[in-house]
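Have the structure open while you read.

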Amino acid sequence: MLQSPGLKTSGAFYAFATGNDLVVKLPAARVVQLIEAGTGRPCAPRPGRPMRQWVRLTPADAELCLAYLAEAREFVTGLATR
């Protein structure tokens with residue numbers, strides 16, 4: 001995804017790595033929450049056009065990274081079953 005290795009479930013991407021960042025797909029409200037907390041940054045592959053359901057994160061450790069991946073996978077899996 002966006003020229004980076006990514007993870008998919010049910011045919012849809014839910015995460016990819018770029019540089020030192022993990023980028024995950026989450027509900028828009030959760031993305032806002034992470035950005036407002038200073039934990040995440042907007043994912044804006046084109047300047048000024050952030051993707052509202054994607055957030056850039058730099059997890060402190062592998063455990064936190066796996067937690068974000070699981071949250072994103074659960075969200076995208078839920079979208080596929082609707």
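Helices here are DSSP runs of H or I with at least four residues, strands are E runs of at least two, and both are numbered from the N terminus.

Which residues of α2 are buried? They are Tyr68, Leu69, Ala72, Phe75 and Val76. Because they cover an arc of only 130° around the axis, they sit on the same side of α2; the arc is that of the directions from the helix axis to the C-beta atoms. An α-helix has 3.6 residues a turn, so residues three or four places apart point the same way. Buried means under 20% relative accessible area, exposed over 50%, and partly exposed in between (1.4 Å probe, protein chains only).

A note on ground rules: this is a predicted model, where local features need pLDDT of at least 70 and side-chain atom pairs count only at pLDDT 80 or more, while totals for chains, interfaces and linings use all residues. Residues are numbered from 1 along each chain as its sequence is written, and side-chain values use heavy atoms, with hydrogens and water left out.

| Face of α2 | Residues and cut-off |
|---|---|
| Buried side | Tyr68, Leu69, Ala72, Phe75, Val76 (under 20%) |
| Turned away from the buried side | Ala62, Glu63, Leu66, Glu74 (over 50%) |

The buried residues of α2 pack against β1 (6-9), β2 (12-18), β3 (21-25), α1 (28-36) and β5 (54-57), with contact meaning heavy atoms within 4.5 Å. At the N-terminal end, Asp61 caps α2, with a side-chain oxygen 3.2 Å from the backbone nitrogen of Glu63.

Now the core. The largest nonpolar core has 14 residues, and Val24, Leu26 and Val55 touch the most other members. Such a core is a set of buried Ala, Val, Leu, Ile, Met, Phe, Trp, Tyr and Cys residues joined through side-chain atoms within 4.5 Å. Its largest share, five residues, comes from α2. Leaving out residues up to four places away in sequence, Leu26 touches Val31, Leu34, Gln53, Val55, Glu71, Ala72 and Phe75.

Zooming out, the chain has two helices and five strands, in the pattern β-β-β-α-β-β-α.

Key:
Polar contact = N/O pair within 3.5 Å; in protein donor to acceptor, adjacent residues only side chain to side chain.
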